[in-house]
Amino acid sequence: MNVVVVAAHPDDEVLGAGATLARHVQDGDAVHAVVLTDGALSRYGKHMVGELQASGVAAARHIGLASVRFEAFPDQRLDQIPILDLTQHIESVLTDLEPDIVYTHFRGDVNADHALVAQAVWTACRPYCMPNLRLIAAFETPSSTEWASTIDGSPFRPTLFVDVTATIECKLSAMACYASETRAYPHPRSLRALRERASYWGSVVGVLAAEPFLVLRDVR
Ligand SMILES: [Zn+2]
């Protein structure tokens, strides 16, 4: 199977689905990451673009991804890109990768880039566009999904739980490659909080560690 994770920023692919991607790799699937923005220019400046990409490559190597692509959309400014351009770009990348499964952001996230990527991926993956596509699911991005406003929409209520007991440590070492993006505990992007979060979601469904997803479309 071909699995593609579409992320707004370098690190979202690991935060949201890193341990699940590692499971896909163990199962023999070809797993690809598409990262749409540089993740740097709005906060750090140009010098960090290369460093974040190097972190992303190291994280991808840890998980065993078949490829990771860094697109050149502007960090924290996806609202300045016509949604049609973003959608068509994603559609062309996904058409190339022929995914069976797509993971992407939750539309209600506090981060505006996440919401726009979620919207564009949903449109790009409309029925009849990608013949192999069977599952689209939204992941939780720690430090964004749980910070969403409760006024604007439905909260993230996962419907798919992946048992990542065997791969949670792989996710954490992949996240450790993003040294600039991890924080001290109890921040949600600390390694300890990520481990605790996986334990929490695991406890919800009776396994030691889980990553949660909201199924957007499942065709069987
Ligand atoms: Zn992000």
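Author: A helix is a DSSP run of H or I with at least four residues, a strand is a DSSP run of E with at least two, and both are numbered from the N terminus. By this rule, R69 is found in strand β3. The model is a predicted one, in which local features need pLDDT of at least 70, side-chain atom pairs count only at pLDDT 80 or more, and totals for chains, interfaces and linings use all residues. Residue numbers start from 1 along each chain, as its sequence is written.

Reader: How many helices and strands does the protein have, and what pattern do they follow along the sequence?

Author: The secondary structure comprises six helices and seven strands. Read along the sequence, the pattern is β-α-β-α-β-α-β-α-β-β-α-α-β.

Reader: What makes the protein as compact as a globular protein of that length?

Author: The radius of gyration is taken over C-alpha atoms, and the globule rule is 2.2 Å times the number of residues to the power 0.38. For 220 residues the rule gives 17 Å, and the protein has a value of 16 Å, close to it, so the protein is as compact as a globular protein of that length. Along its principal axes, the C-alpha trace spans about 45 × 40 × 40 Å.

Reader: In what order do the strands of the open sheet stand?

Author: Two strands pair if DSSP finds at least two bridges between them. The seven strands of the open sheet have the order β3-β2-β1-β4-β5-β7-β6, with mixed pairing. Strands β3 (67-73) and β6 (160-163) each have a single partner strand, so they stand at the edges, and one side of each lacks a neighbour in the sheet. From one strand to the next the twist averages 25 degrees. Angles run from 0 to 180 degrees between N-to-C directions, and axes are lines fitted to C-alpha atoms, for helices over the stretch in contact.

Reader: How do you know that β5 and β7 pair?

Author: Five bridges join β5 (residues 135-139) to β7 (residues 210-218), and the definition asks for at least two; the two strands run antiparallel. L135 stands opposite D218, while the bridge partner of F139 is F213. Strand β6 is also joined to β7, by four bridges and again antiparallel, and there L160 stands opposite F213.

Reader: Which strands does helix α2 touch?

Author: Contact requires that the C-beta atoms of two residues, placed from the backbone, lie within 7 Å. Helix α2 (residues 47-63) packs on the sheet and touches β2 and β3, with its direction at about 155 degrees to that of β3. Helix α1 (residues 12-26) lies across β1, β2, β4, β5, β6 and β7, and runs at about 170 degrees to β1.

Reader: Why is D11 called buried?

Author: A residue is buried if 20 or more other C-beta atoms, placed from the backbone, lie within 10 Å of its own, exposed if 12 or fewer do, and partly exposed in between. D11 has 26 such neighbours inside 10 Å, so this residue counts as buried. D11 lies in the loop between β1 and α1.

Reader: Why are Y128 and R69 placed in other classes?

Author: Y128, in the loop between α4 and β5, has 6 other C-beta atoms within 10 Å and is therefore exposed. R69 has 15 and is therefore partly exposed. R69 touches V34, V35 and V93, leaving aside residues up to four places away in sequence.

Reader: Which residues touch the most other members of the largest nonpolar core?

Author: A nonpolar core is a set of buried Ala, Val, Leu, Ile, Met, Phe, Trp, Tyr and Cys residues joined through C-beta atoms within 7 Å. The largest one has 59 residues, of which V6, V102 and V121 touch the most other members. Helix α4 (residues 112-124) gives the most to this core, with seven residues.
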